[in-house]
Amino acid sequence: MRYDFTDYVLIVAGAVTRVAVYALLALPAALVVVLSFTSGETMDFPPAGFSMQWYQKAFESEPFMSALWTSTYVAVIVAIAALVIGFAAAFAINRFDFPGKGLLQALAFSPLIVPAVVLGIGLLYLFAWMNLIQTMFPLFAGHLVLAIPYVVRTVLASLTLHNRVLEEAAMNLRASPLRVVRRITLPLILPGLLSAAIFAFVTSFGNVTVSVFLTYGGNVTLPVQLFTYLDHSYNPLVAAVSSIMIFVTLAVILTIERLIGAETLS
Amino acid sequence: MSKDFETSVRDPGDYVVELRSVSKLYGDAVAVADVSLGVGRGELVCLLGPSGCGKTTTLRMVAGFVEPTSGTVEINGQDMTHQPPYRRDTGMVFQSYALFPHMTVAENIAFGLENLNWTRADRDRRVSEMLNLVELPHLAGRLPSQLSGGQQQRIALARALAMRPAVLLLDEPFSNLDAQLRVRMREELRAVIRSVEVTTLFVTHDQEEALTMSDRIVVMNGGRIEQVGTPGDIYERPESPFVAKFIGWCSMLEGAVDPEGTFVSKLGLRLPGKWKAGPGSAVIRPEHIRLSPDGTAGHAREGRVVETHYYGGATRIILDINGEQLMMEERFPFGGHPKLGEKLNVTLKMDEIRVIGSP
């Protein structure tokens, strides 16, 4: 294949754009991780030297550790609940024609359109009115609302690509509809389900805007705790806690991807 | 594998599948219109027709994937019209085979047996029995993606037959195979079906498949049944111009039979015979026309070569006789091919030519 001048321009421009985009995506996080290992007392770049002292402080900090625990179990429960509800919604939208289908679809995606702050304030008022504000319930509900659209989207895409003839074949082999879903549909869209779970987990785990309205003394999540802490102090402890968040998120994603990989290889 | 292509052996009272005035409408569009059909025990019946003729919809109504708009579907004497697929005693081989990609060959075959709550030992026994039947016992542990097209098809057949269904349904089972493999798989499939003596309903648009495999052929067109008969009936005694044209090659002449029984085409070609008087179409197959080099035989005529198509084993020639264009097939010695415009002497086998009366 021969290239002329415009091809070269496009290739170079493409490469430059890619590098710029990746750098902008990765640099802030990389910077935080690098600074978290500083031996100094300030968030200055370049770091004064290498030490794990801020990690030690982070793990010794009761507020941060209890917030990490809260964030993790909230995200896990939200991911599971969003997966169940989202799959049910996506399945209904994909398979059946029913009155109000358009409305359901619009509702399922509406949290993507409504600004998160608006959602947070709305949920705060709603749960205050329901007298549920001093419980975990608002946080679960708020994160669930945020996570469901991603799950519905991802699962719907999987279901659309899924080969329906296989389900007919299973039905022809005497499998009841429930059995078809369990033995054929779910195993075959498993990669989609797992990426949906990742979306849900990450959405919940990293959320500030909605959480800020819905947390109370006993259930502060890690991002909210970070925000509160930043109000009065600005030191590498913030970087260490942020890095822990990044590591937890990465660990979840990698574990799930490993699961998908193992499934498709076997 | 010889079979009698002229007669079908069946007891007319013993239908495994019976369709009664079945119709399917999608909105205003008619997919299947008033189809009535019985498939006898052990019979291999083929639904043949062009795409969109309703043959696949008919098959899917037997399997239960499509609910008829009207009419009834009976399997083994029981009304199954409104029963879901998983309550019907059918085994289907899909056009794409539809093997479950996440299960091994053995798991695929065992799937139906599991749903019928067979014990593990019984399932294993039947799976190896089925794998032996299709002569692929060494593939039990493979995934479908590791099989060739022909192997996938045989596994799909084994899976469909494992439950010993009352009726085997085949939806264009050869369309994904290349030409040579298709012929081989056709013979194998027929041998397997014969050996297990399963009643079979089979959909194809390929007339050769239908002629070689079926006990009876149901020719469909526009959602309706055009003709039902043995392969011999369908080929030799087509009841409509559509059937004559769809099955095998033929030249069709419009015209009328005069009171003496002679067919006279619109352009004046006379075919003396004993047909029933009235307007009609003469169906002349290539094999009804033979070369008559000396020109002395009974009804020898002269034809002018208009087109030639070389097929290797034979040459197809379009002859102009009295202005009518007729197709014939002949083997010419190398170097002896007729040229365009050349005159050939031919005779027509009047007793084999069929005239279909116009209604």
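**Around the cavity**

Author: The lining of the largest cavity is made of one nonpolar, three polar and four charged residues; here Ala, Val, Leu, Ile, Met, Phe, Trp, Tyr, Cys and Pro count as nonpolar, Asp, Glu, Lys and Arg as charged, and the others, Gly among them, as polar. A quick word on the ground rules: this is a predicted model, so local features need pLDDT of at least 70 and side-chain atom pairs pLDDT 80 or more, while totals for chains, interfaces and linings use all residues. Residues are numbered from 1 along each chain as its sequence is written, chains are lettered from A and ligands numbered from 1 in the order written, and side-chain values use heavy atoms, leaving out hydrogens and water.

So who lines that cavity? B:E172, B:F174, B:S175, B:R182, B:T204, B:H205, B:D206 and B:E209 do. A cavity is a set of points on a 1 Å grid over the protein atoms alone where a 1.4 Å probe fits but cannot get out, and lining residues have an atom within 4 Å of a point. The space inside is about 40 Å³, and the structure holds one cavity of 30 Å³ or more. Volume here is the space filled by probe spheres set on the points, which are joined across faces, edges and corners.

Now the chain that carries those residues. Of the 359 residues of chain B, 52% count as buried, meaning under 20% relative accessible area with a 1.4 Å probe, protein chains only. Its C-alpha trace spans about 75 × 50 × 35 Å along the principal axes. Chain B has eight helices and 20 strands, taken as DSSP runs (H or I, at least four residues; E, at least two) numbered from the N terminus.

Then there's the packing. In the largest nonpolar core, with 85 residues, B:F100, B:I109, B:L168 and B:L201 touch the most other members. Such a core is a set of buried Ala, Val, Leu, Ile, Met, Phe, Trp, Tyr and Cys residues joined through side-chain atoms within 4.5 Å. Helix α4 (residues 149-162) of chain B gives the largest share of this core, seven residues. Leaving aside residues up to four places away in sequence, B:I109 touches B:V127, B:M130, B:L131, B:I155, B:A158, B:R159 and B:A162.

Finally, the neighbour: 18 residues of chain A are in contact (heavy atoms within 4.5 Å) with 26 residues of chain B.

Terms used
Buried < 20%, exposed > 50% of the residue type's maximum accessible area, 1.4 Å probe, protein only. 1 Å grid on protein atoms, 1.4 Å probe; cavity = no way out; pocket = protein on both sides within 12 Å on 5 of 7 lines; lining within 4 Å.
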